[in-house]
Amino acid sequence: MAASLANSPAAPTVLLIEAGAKDEDQSINKIMIANRFATWMTHPALNWGYKTVPQQNLAGRQIDYSRGRGVGGSSLINFSCWTVGPQGDYDEWARMVDDDSFDWKNIQRRLKALESFDLDSCPDYIRYAKAVADHHGTNGPVHIELPAVFERHMPALADAVEEFGLSTNLDTNSGNPIGLSMCPSTSRGAKRWTCTDAFLRDHPSNLTILPSTVASRVLFDAQRAVGIEANGKHYLASREVILSAGAIDTPKLLKLSGVGDKSELDTHNIKVVHHAPAVGRNLQDHAMAALVWEQNNHYNDRSLFESEEYMKTATDEFAKQGTGPLASYNCSQNIGYFKLPNIESIPEFQALSKDKQAHLQQPTVPHYEMLLGGPNYHPMMAKNLPYLSAMVFTAHSLSKGTVKLASADVNDPALCDPELLTHPYDKKVIIEATRTALQLVKTPSMASTIKEMTLGPKSDSDDDIWAHICNTTGTSWHMSCTCAMGKKGDENAVVDSEFKVIGLKGLRVVDMSVTPFLIAAHTQACAYLIGATAAEKMIAEYGFDRK
Ligand SMILES: Cc1cc2nc3c(=O)[nH]c(=O)nc-3n(C[C@H](O)[C@H](O)[C@H](O)COP(=O)(O)OP(=O)(O)OC[C@H]3O[C@@H](n4cnc5c(N)ncnc54)[C@H](O)[C@@H]3O)c2cc1C
C-alpha cells in the first residue's frame with residue numbers, strides 16, 4: 001500500500017515506520033525456496049518469536065505464534081505459498097460489508113495487477129499443474145511460479161489422491177481451489193521473492209522507510225489521529241495515519257493508544273480515546289494437525305538432504321547455476337482444498353447460522369485443507385529415514401480468540417489466545433479431515449510404501465483422533481480478523497469498508513486484521529490484496545490519480 005500511494009501520479013509523501021531492520025541478506029541459504037519451511041526458525045532476528053497463551057482445549061500447550069519482523073513483514077520468513085482463496089469467500093466478504101470492491105470480480109482484477117506469474121514455469125507436468133492465463137497477471141510486481149521440477153514423490157502422491165477419489169485441480173488460484181493442486185510460490189528460479197523485493201527495493205524518493213523504529217502509540221487531537229510516537233519521537237501526518245502492524249500488533253497498538261475496550265484499558269491505566277470493544281476480538285487462525293509415516297522404500301529423496309555433505313554440494317551447485325537437487329527439494333508443495341461429503345447432515349454444521357451455512361455450501365468454498373509429502377517437523381522422527389507427512393487444516397475457523405495487552409509497555413508481547421478448535425464445527429471438521437488422511441494412505445499405491453505411522457492417532461476413532469490433535473495441533477500463522485471490517489452498527493466491526501476506524505478520524509487499518517472472517521487460503525495473497533484495495537480507495541478519495 002505504501003508503494004502504491006507513493007507511486008501514484010500525485011506522488012504524496014509517505015512515511016513507512018517498521019520495527020525491524022531493512023534486511024539486505026541475500027545469501028543463498030536464506031533465499032532458496034528449498035529452505036522456505038525453516039527460515040522462521042533459522043533466522044530468529046526476523047521473527048518476533050511470539051507464543052500463544054496456554055490453549056486449554058489443546059492439553060494446555062503454548063503454540064508457536066511467529067510473526068515476521070523487518071521491512072517486508074512476515075513475507076521474510078513465510079513459506080512462500082501463493083493461494084488467493086475461493087471466489088465464494090470474497091463474494092461473501094463483499095456481501096457482509098456491503099461493498100463490491102471485495103467481490104471476486106474486483107479481487108481478481110487486483111490479483112492480476114499484482115502478479116507476475118511465470119506461466120511457462122512448469123511445462124513438464126501439465127497433467128498436474130497448468131496456470132490458466134485468463135486468471136493471472138504477468139506484469140505485476142509479485143513474482144509467482146510453479147516448480148520447474150517436481151520432487152520425485154509428488155506425481156505419485158497426486159495419482160494416489162485421484163485413486164482415492166478426490167479430484168485434481170490444475171490451477172488453485174482460479175477462484176475455485178477445490179481439489180489437489182500444485183501450489184505456486186512467491187519466487188523466481190526457486191529463490192524467495194518477498195514483499196520488499198516486490199514493492200520496496202526501488203522505491204520513489206517521496207516514500208521514506210524508517211526501519212528499526214518501534215511505533216508505541218497513535219497520537220490524537222481529540223478524536224482525530226495526527227501522528228505516531230515511535231522510539232520516543234513524534235511523527236506527524238498531514239493527512240492520515242495507517243496501521244499495518246499485522247493481526248497481533250495492530251490491535252495491541254490501538255489499545256496502547258487508547259482505542260479498545262474501556263475496562264481493559266482501565267486495567268492498564270491507559271487513557272481512553274475511544275471505547276471500541278471489538279479491537280483485538282475475533283482472532284481467527286487455521287488449526288493444523290500433522291501426521292507422519294515412515295516409509296519402507298525410497299519413495300522420495302527427502303532423507304538425502306539430512307546429510308551435511310550432500311547439502312553442501314547441492315547448495316554450491318544451486319548457488320552457481322540454480323540447478324540440482326535444491327532446485328526441486330521443497331519447491332513442489334501440493335495443496336488440497338476439499339469439501340466434507342454430506343456436510344448438511346452433520347449436526348455441528350446444522351447448528352450454524354443460515355448465512356454461514358449458505359457460505360460454506362458455495363461451490364468454490366472448501367471445508368478443509370490437506371498438504372501431502374511436505375516437511376516433517378516431528379522431532380521423534382529418526383534422521384535419514386524416508387517419510388511421508390500429511391498436514392490437515394480447518395479451511396475456515398469458526399473458533400474466535402483474543403489479543404489482549406499484557407501491560408501498557410509496547411515492549412511486552414500481547415497475550416494471544418486464538419482459542420484454537422474450541423468451536424464444535426472446527427473440531428468436527430479437523431477430526432473428519434484427519435480421518436480422511438488416514439484412509440488416504442490405505443489406497444493400494446500408497447499403502448505399499450508405508451512401514452509404520454510415527455506420528456498419529458492410535459486408531460481412527462473420534463476419541464483417538466481428538467487425543468492426537470490435542471497433543472500435537474499447531475497453527476498455520478494465518479492470524480486474522482482482530483480489527484474486523486463490517487457495516488456501521490455491527491458490534492464486531494472495528495473498521496468500515498474504507499478501512500477507516502469507526503468512530504475516529506484520520507486513522508485506517510490495512511493488514512490481515514481487517515478480514516471479516518478467516519478466508520480459506522494461506523493469507524499472504526490476501527494481505528497484498530488488502531493493501532492494493534486500500535491504496536485504490538485512498539488514491540480515488542484524495543485524487544492521487546491526478547498530478
Ligand atoms: C512462519 C510463517 C509461515 C507462513 N507461510 C505462509 C505461506 O506460505 N503462504 C501465505 O500465503 N502466508 C503465509 N504466512 C502468513 C502471511 O505471511 C501473513 O498472513 C502476512 O504476511 C500478513 O501480512 P500483514 O501485513 O498483515 O502482517 P505482517 O506481514 O506480519 O507485517 C506486519 C509488520 O509490522 C511490523 N510491526 C509490528 N509491530 C510494530 C510496531 N509496534 N512498530 C513498527 N512496526 C511494527 C512487523 O515487524 C511487520 O514487519 C506465514 C506466516 C508465518 C509467520
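**View A. The lining of the largest cavity, sorted by residue class.** By class, this lining has six charged, three polar and three nonpolar residues; here Ala, Val, Leu, Ile, Met, Phe, Trp, Tyr, Cys and Pro count as nonpolar, Asp, Glu, Lys and Arg as charged, and the others, Gly among them, as polar. The model is a predicted one, in which local features need pLDDT of at least 70 and side-chain atom pairs count only at pLDDT 80 or more, while totals for chains, interfaces and linings use all residues. Residues are numbered from 1 along each chain as its sequence is written, and side-chain values use heavy atoms, with hydrogens and water left out. The charged members of the lining include Asp23, Lys30 and Arg192, and Ile31, Val71 and Leu76 line the largest cavity as well. Helix 2 (28-31) and helix 7 (195-200) each contribute at least two residues to this lining; helices (H or I, at least four residues) and strands (E, at least two) are DSSP runs, numbered from the N terminus. The volume of the largest cavity is about 100 Å³. A cavity is a set of points, on a 1 Å grid over the protein atoms alone, where a 1.4 Å probe fits but cannot get out, and lining residues have an atom within 4 Å of a point. Grid points are joined across faces, edges and corners, and the volume is the space filled by probe spheres set on the points. Counted this way, there are four cavities of 30 Å³ or more.

**View B. The second largest cavity and its lining.** Its volume is about 70 Å³. Which residues line the second largest cavity? They are Tyr128, Phe150, Met154, Pro155, Ala158, Thr168, Leu180, Ser181, Met182 and Asn334. Helix 6 (153-164) and strand 4 (179-182) are the elements that give two or more residues to this lining. Sorted by class, the lining has seven nonpolar, three polar and no charged residues.

View C. Two strands pair if DSSP finds at least two bridges between them. Seven bridges link strand 14 to strand 17 in the antiparallel sense, and Glu294 stands opposite Tyr387 there. Strand 20 (residues 450-455) also runs antiparallel to strand 14, joined by four bridges, with Ile450 as the bridge partner of Gln295. Two bridges join strand 14 to strand 21 (residues 474-475), again antiparallel, and Ala287 has Thr475 as its bridge partner.

**View D. Strand 16 (residues 368-372), between strands 15 and 17 in its pairings.** Five of the five residues of strand 16 are buried, so the rest of the structure largely encloses this strand. Tyr368, Met370 and Leu372 cover one side, and Glu369 and Leu371 the other. Strand 15 (residues 334-338) pairs antiparallel with strand 16 over three bridges, and Gly336 stands opposite Met370. Strand 17 (residues 387-394) pairs antiparallel with strand 16 over five bridges, where Leu371 and Met391 are bridge partners.

View E. The order is 8-9-10, and the pairing is antiparallel. Strand 8 (215-221) and strand 10 (233-236) are the edge strands, each pairing on one side only. On average, neighbouring strands are turned by 35° against each other, direction ignored; axes are lines fitted to C-alpha atoms, and angles run from 0 to 180 degrees between N-to-C directions. Six bridges join strand 8 and strand 9 (residues 224-230), and Phe220 stands opposite Ala225 in strand 9.

**View F. Two buried residues, Arg110 and Ser116.** Arg110 lies in helix 5 (residues 104-114) and has a relative accessibility of 4%. Not counting residues up to four places away in sequence, Arg110 touches Ser101, Leu529, Ala532, Thr533 and Glu536, where contact means heavy atoms within 4.5 Å. Arg110 and Ile530 are 420 residues apart in sequence, and 9.7 Å separates them in space, C-alpha to C-alpha. Ser116 sits in strand 2 (residues 115-118) with a relative accessible area of 9%. Leaving aside neighbours within four places in sequence, the contacts of Ser116 include Gly137, Asn139, His143 and Arg188.

Methods: Buried means under 20% relative accessible area, exposed over 50%, partly exposed in between (1.4 Å probe, protein chains only). On a 1 Å grid over the protein atoms alone, a cavity is a set of points where a 1.4 Å probe fits but cannot get out, and a pocket is an open set with protein on both sides within 12 Å along at least five of seven lines; lining residues have an atom within 4 Å of a point.
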